[in-house]
Amino acid sequence: MPAPSPASYGPELEPRPVEEVDWLLLNADAVVTCDEAMRTIGVGAVAIQADRLAAVGPSEELARRYRGRRNLDLRGYLLMPGLVNTHTHAAMSCFRGLGDDLPLDRWLHEVIFPAERVSVTPEMVYWGTLLSCLEMLGNGITTFCDGYFFEESAALAARDAGMRAVLGQGILDHPTPDHPDPSTARTRAEAFLESFPDVGDRVRPSLFCHAPYTCGPSTLRWVKDLCRERDILFQVHVSETEWEARAIQEMYGMGPIPHLDVLGVWDDRTLAAHAVWIDGDDARLLADRGAAVSHNPSSNMKLASGVAPLPVLMEAGVTLGLGTDSCASNNGLDLFREMDLTAKLHKVSRLDPLACPARRVLRMATVGGAAALGWRGRIGSLEAGMKADLIALDIRQPHLTPMYDGASHLVYATRGSDVRYAWVDGRLLLEGGRFKETDAVRAMAEVRKMALTLAKRRGG
Ligand SMILES: [Zn+2]
């Protein structure tokens with residue numbers, strides 16, 4: 001008798017064997033996948049095996065197919081990808097609220113730079129970054145992109161917190177806390193790359209040229225060349241203020257975006273923070289080169305930098321992520337707040353309620369950010385095969401009741417404090433709102449101690 005053809009095996013004849021996975025998250029009221037179709041699965045589930053998502057789908061189906069070594073009933077919760085913060089200076093949480101409400105130049109020269117001169121050490125960077133990691137994780141951010149000094153210490157903090165991160169060593173043509181002699185900037189950058197702690201692909205090194213007005217053409221060139229050679233992300237603040245755009249125009253006869261283009265800076269491994277003072281030509285140039293932009297509405301508003309032309313960047317097809325910037329110019333690290341602000345700021349500034357739809361903003365905070373940092377197709381959405389970086393929000397709360405549209409709710413109604421669970425690489429880091437791996441009390445105590453010392457020095 002001939003063997004039956006494979007097509008004759010129906011699921012009812014040959015039931016798929018139940019597969020064992022590390023985690024089975026069942027019965028979530030909604031799974032907002034952030035996949036290409038922006039699918040939301042009602043009463044959904046996620047199966048996690050090691051550091052990957054084994055399956056995402058209806059709860060009933062996954063309950064039949066999988067058996068979890070650990071199970072979690074997420075009735076009353078919404079599951080979504082972990083958020084991606086594309087721009088911050090995590091250690092600056094030590095300066096949260098220091099010298100608020102000053103003009104940018106006075107704030108920088110009278111408050112921040114003097115504070116940095118006396119307080120930025122490897123220990124300060126470690127504890128300040130760790131504190132920020134806890135704040136971000138508690139607010140549902142599982143990946144962040146950083147730029148500061150002594151970034152080896154930031155790498156250790158990201159490792160200890162269990163987060164995914166890109167850590168950019170800051171480079172300026174001026175004395176900085178970790179290279180007081182600017183002529184040693186290159187040696188410092190190379191030493192940073194050589195000694196970057198081996199924490200696997202979850203934590204990656206990067207180089208961060210502060211801005212085109214603090215880094216001359218030769219610095220911008222060698223830093224970008226070094227980034228290319230090592231295949232790492234190049235970061236730069238650009239066109240943040242009107243003053244900067246004018247100064248670069250006067251110095252080089254062109255705006256900051258074409259100036260950096262002449263220097264060969266723009267490609268798909270370059271991330272520009274801010275891009276406020278730009279026009280349509282600039283946006284098209286960035287899109288052509290494949291460069292990404294991090295939009296930071298809170299920081300731009302607090303420092304009165306201006307309103308970035310986000311709809312113009314969107315129309316040009318630029319890769320876009322959202323950022324909090326540092327705690328010194330925000331003063332918190334909550335991307336839910338940034339999503340809400342982004343959607344509303346561009347509507348009101350254009351007098352157009354369709355200018356910046358919620359789904360578009362949600363994609364910026366997830367898949368857009370992932371693409372900007374070089375993790376496209378690996379994080380940012382909930383799909384089988386992606387890294388298991390995800391969060392669960394408690395939606396059984398008055399301010400989230402009722403819920404008609406999960407994606408819209410995430411932009412306009414939720415807060416970072418609604419996040420109760422967070423996994424990175426399949427590892428549970430936040431459980432019921434409590435940090436699993438890190439001593440938050442110790443981190444807060446260390447930063448308070450530093451703040452006290454700084455306050456005394458400033459007072460004296
Ligand atoms: Zn910044």
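1. Start with helix H5 (residues 185-195), where Thr187 and Glu194 are exposed on one side. Here exposed means over 50% relative accessible area, buried means under 20%, and partly exposed is in between (1.4 Å probe, protein chains only). Helices (H or I, at least four residues) and strands (E, at least two) are DSSP runs, numbered from the N terminus.

2. A quick word on what you're looking at. This is a predicted model, where local features need pLDDT of at least 70 and side-chain atom pairs count only at pLDDT 80 or more, while totals for chains, interfaces and linings use all residues. Residues are numbered from 1 along each chain as its sequence is written, and side-chain values use heavy atoms, leaving out hydrogens and water.

3. Back to H5: which of its residues are buried? They are Ala185, Arg188, Ala189, Phe192 and Leu193. Looking down the axis of H5, these buried residues fall within an arc of 135 degrees (taken from the directions from the helix axis to the C-beta atoms), so they line one face of the helix. An α-helix has 3.6 residues a turn, so residues three or four places apart point the same way. The cover over the buried residues of H5 includes helix H4 (151-161), strand E8 (164-171), strand E9 (203-209) and helix H6 (217-230).

4. Now try strand E11 (residues 270-274): 5 of its 5 residues are buried, so the rest of the structure largely encloses it. E11 pairs in the parallel sense with strand E10 (residues 233-238) over 5 bridges, and also with strand E12 (residues 292-295), over 3 bridges. Pairing needs at least two DSSP bridges between two strands. From E11 the chain crosses through helix H9 (residues 280-289) to E12, a right-handed β-α-β crossover. Right-handed means that, with the strands pointing away from you, the path from the first strand over the helix to the second runs clockwise.

5. Two backbone spots deserve a look. Most residues other than glycine have a negative phi, and most peptide bonds are trans. Yet the bond from threonine 401 to proline 402 is cis, with omega near -5 degrees, and proline 402 sits in the loop between strand E14 (390-394) and helix H14 (406-412). Alanine 50 has a positive phi of about 55 degrees although it is not a glycine. Alanine 50 lies in the loop between strand E2 (40-49) and strand E3 (52-58), and is partly exposed at 42% relative accessible area.

Notes. Contact = heavy atoms within 4.5 Å.
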